[in-house]
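Please consult the sequence and the model shown below.

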Amino acid sequence: MEYVYVAGASDVRAENIALTQSVSRQTDNYLYSLVDGMNKDNAGCQSITNVVDNMLDCGSHFDNGNLFVDSGGYSIITGAIEPENIGFTIDLWSYGGEHFKDDFDYLFSLDIPLSLEYKKLNTKTNIYKYNKDSLSEMVILLDKFPELREKIFFVWQFKMLPQYEIWKTLYKELELERYIQNRAIGGMVGLRGVTGIKFSPFIGMVFRCLYDYINADNYSNDFRLHFLGMYNRYDRFEIALMEKLCSYYLSYYLGDKNITAKFTYDSVNFAHTARMNPEIPIYCIDGDNIVVYDNVVNVPADVIKKVYEDAGSELYKNIQQEIECRRHGKRLDNASSFSPLNIHSNMNLDRYFER
């Protein structure tokens, strides 16, 4: 499984560029949302263009990285986009997909699961209508530009049974098996806080997506599945386990070891936690073992050098100073200083889970 870094406008601020480049040495993947082009009073083609310019500026610091474009539907969920403007938002998503199709590697479908602000939206009839409009526009785009089929991730919603039934119905009605090559599982951010569940809720959906992949009978691409907004350790262990299991199933079912499962996940948590929590543990791989350091001040110098650059670089000097600030309980010059280190730490944990 591969981690996808959640990027934003702050990553290209002068004081953060070197840190962004350190992140890019940990992962080739970054996600950028269209949200800022959709939730403005003057939202339109120009605002979407401005967001794309920003994401490409950010991408210039990710060497040969894969750009995952988030649809911006979060603005609909939070109520930043009023229900009467949802149709226009769908048009903006389609405009971005068409006019910037050569600038991104992957684009998520615009899913509309609910509105936290406009409760009148949250009926089965409305959710069905808006998502049918959105996915119908996606089908038109994929008919017009077939090359986009390998770039689009279809986002499944499933956390409530009526919601899942809507997505099942639309998948069948619109014959999405003819178009979809990549799949994503959404709706999991904050799910535990609402439900109190203590298991990985996506297990069944993984097999549903595998079932769809096999029955679509199109093996030009690997089985790609993305998990939106994941960071819990036991969820990531489950993702690693199921990636291996699905690869085994595909090898057995298809008799082709070249077709495999490739799972990705994104999270803003690793960078956010490093900014907010001064006592984060750092995980390092040592041969077959995982070593845990209870604080950044105890991390060996060779690990710091590996993450931040060669010894003697300006960034490395700055990080050494930040470590001394942390050692003596002083405020950091840049709250994001240890974000690349925590990303490195959690990616080490992923490798350990996989092993």
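**Charged side chains and salt bridges**

At 29% relative accessibility, Lys-168 counts as partly exposed. The model is a predicted one, and Lys-168 forms a salt bridge with Glu-165 in it. In total, the structure holds 12 salt bridges.

- The closest N and O atoms of Lys-168 and Glu-165 are 3.7 Å apart.
- Both residues lie in helix 6, and because they are 3 residues apart, about one helical turn separates them.
- Glu-165 is partly exposed, its relative accessible area being 28%.

- Lys-132 and Glu-173 meet through their side chains in a salt bridge, with an N to O distance of 3.7 Å.
- Lys-132 belongs to helix 5 and Glu-173 to helix 6 (residues 161-173), so that the pair links distant parts of the chain, 41 residues apart.
- Lys-132 is partly exposed at 30% relative accessibility, and Glu-173 is partly exposed at 43%.

- A salt bridge joins Lys-144 to Glu-98, with 3.1 Å between the closest N and O atoms.
- Lys-144 lies in helix 5 and Glu-98 in helix 4 (residues 86-99), so this pair ties together parts that are 46 residues apart in sequence.
- Lys-144 counts as exposed, at 52% relative accessibility, whereas Glu-98 counts as partly exposed, at 24%.

**Negative surface patch**
- Asp-53, Asp-57, Asp-102, Asp-103, Glu-147 and Glu-150 form a negative surface patch.
- Glu-150 is located in the loop between helix 5 (124-144) and strand 5 (152-156).
- With a relative accessible area of 46%, Glu-150 is partly exposed.

Notes:
Residues are numbered from 1 along each chain as its sequence is written. This is a predicted model: local features need pLDDT of at least 70, side-chain atom pairs count only at pLDDT 80 or more; totals for chains, interfaces and linings use all residues. Side-chain values use heavy atoms; hydrogens and water are left out. Patches are made of residues with over 30% relative accessible area and no salt bridge: like charges are joined within 9 Å, nonpolar side chains (Val, Leu, Ile, Met, Phe, Trp, Tyr) within 5 Å. Accessible areas come from the Shrake-Rupley method with a 1.4 Å probe; for residues, only the protein chains shown count as cover. A salt bridge is a side-chain nitrogen of Lys or Arg within 4 Å of a carboxyl oxygen of Asp or Glu. Lys and Arg count as positive and Asp and Glu as negative; His and the chain ends are not counted. The place of a charge is taken as NZ of Lys, CZ of Arg, CG of Asp or CD of Glu. Helices (H or I, at least four residues) and strands (E, at least two) are DSSP runs, numbered from the N terminus. Buried means under 20% relative accessible area, exposed over 50%, partly exposed in between (1.4 Å probe, protein chains only).
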